[in-house]
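This briefing is intended for a reader meeting the structure for the first time. Please view the sequence and the model together, then read the points that follow.

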Amino acid sequence: MICPVCNRPLKSKESIAKGIGPVCETKIKDHANEPLEGQTSIDDYLQGTHND
Ligand SMILES: [Zn+2]
């Protein structure tokens with residue numbers, strides 16, 4: 001079993017069960033919590049077009 005993020009072999013049973021290393025799992029979670037830049041909701045887009 002190899003971590004798909006860093007391509008390093010997973011050693012612990014927990015990591016193998018999850019399919020990812022603990023460090024990379026944390027990185028992915030932190031990255032998932034970050035808001036995507038340039039992401040505009042449809043409401044903001046419509047309000048922007050009508051706000052003349
Ligand atoms: Zn990894």
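Helix H2 (residues 22-33) has 12 residues and reaches 17 Å from its first C-alpha to its last, close to the 16 Å expected at 1.5 Å a residue; the expected span is 1.5 Å times one less than the number of residues. The model is predicted: local features need pLDDT of at least 70, side-chain atom pairs count only at pLDDT 80 or more, and totals for chains, interfaces and linings use all residues. Residues are numbered from 1 along each chain as its sequence is written.

**Helix H2 and Ile28**
- The number of buried residues among the 12 of H2 is zero, so this helix lies largely in the open (a residue is buried if 20 or more other C-beta atoms, placed from the backbone, lie within 10 Å of its own, exposed if 12 or fewer, and partly exposed in between).
- Ile28 lies in helix H2 and is exposed, because 12 other C-beta atoms are within 10 Å.
- Ile28 and Val5 are 23 residues apart in sequence, and their C-alpha atoms are 9.0 Å apart in space.

**The chain as a whole**
- The chain holds three helices and zero strands (DSSP runs numbered from the N terminus, with H or I of at least four residues for helices and E of at least two for strands).
- From the N terminus on, the elements run α-α-α.
- Of the 52 residues of the chain, 8% count as buried.

**Confidence**
- The mean pLDDT (the predictor's confidence in each residue, from 0 to 100) of the chain is 83, and 81% of its residues reach 70 or more.
- Confidence is highest in helix H1 (residues 13-18), at 95, and lowest in helix H3 (residues 42-50), at a mean of 71.
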